[in-house]
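Student: Hey, I've got a new structure to look at. Can you walk me through it?
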Amino acid sequence: MISTPSACIVAEKEKVAKVVLMPGDPLRAKYIAEKYLENPELFNTVRNMYGYTGTYKGKRISVMGSGMGIPSMTLYAHELYNFFDVDSIIRVGSAGALRDDMKVRDVVIAMSASTNSKFDVQYGFPGTLAPTADFDLLNDAVSVCKEREASVKVGNVFTTDVFYNADSNIPSLCRDLGMLCVEMETAGIYWEAVASHKKALSILSISDHMFRHEELTALERQESFDEMIEIALETAWRSL
Ligand SMILES: O=P(O)(O)O[C@H]1O[C@H](CO)[C@@H](O)[C@H]1O
Ligand SMILES: O=c1cc[nH]c(=O)[nH]1
């Protein structure tokens, strides 16, 4: 029997692990589950937003698609945190690079996210509620990278509500203000985690460059982000 009030995740609460990796693309979730989890079990198929739970090095970890943009990501994250007792969500996303010294498949850990989203207005805070990573998850992810001698950048990213922006000056403004890359969910998951009194971290793989003609295909975005995925799995494992 389904006992949760969840609208978009139809699963028994026990089927979801305490930590969930969330790519935007549900097919990237399938790829991660099938390649990295032992005995992956599909717990959600509503809207084809696949969610799987399996074991990684002996501990239960889930992976589920978030869809694109803050509304979709935060809807699923809210349900996972509040109806499925999930403690931590680690986004494993793709992003457009802003800096000259970045190239496709580079990994970024989002310490914070600047954004044009107004999602946080609902909380009634008379100012800007800063969307920031959970420090423990961030610290663990950075440690994992050091141990693997993985080259990653850690800093501020831009979470945009607009993929095809009519204002072509936005990318250079973001670069001048020190942002590393552009994507569409990190600020949302950081706000949702704070509001739900839970933890979140966003790890990103560069899929294209905002100022150079470099981009990965859809299949490459689905199946070639192993470094990011392995960093996220190891971070998730340490959080349990
Ligand atoms: O690859 P994902 O995780 O979906 O992330 C990026 O890709 C989508 C845009 O193509 C947006 O969701 C953006 O944040
Ligand atoms: O949101 C995104 C993701 C990848 N590349 C972009 O330019 N934007």
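Tutor: Strands (E, at least two residues) and helices (H or I, at least four) are DSSP runs, numbered from the N terminus. This is a predicted model, where local features need pLDDT of at least 70, side-chain atom pairs count only at pLDDT 80 or more, and totals for chains, interfaces and linings use all residues. Residues are numbered from 1 along each chain as its sequence is written, with chains lettered from A and ligands numbered from 1 in the order in which they are written.
Student: OK, in which sense do β1 and β4 pair?
Tutor: Parallel, over 2 bridges, with β1 at residues 19–22 and β4 at residues 59–64. Leucine 21 of the chain sits opposite valine 63 in β4.
Student: And how many bridges join β3 to β4?
Tutor: 6, and these two run antiparallel, with β3 covering residues 51–56. Glycine 51 has methionine 64 in β4 as its bridge partner.
Student: What do β3 and β4 form?
Tutor: A hairpin, with 2 residues between them. In the turn, lysine 57 has a positive phi of about 50°.
Student: Switching topic: which residues are around ligand 1?
Tutor: Near means a C-beta atom, placed from the backbone, within 6 Å of the molecule. Among them are Pro23, Gly24, Asp25, Phe163 and Arg221.

Conventions. Two strands pair if DSSP finds at least two bridges between them.
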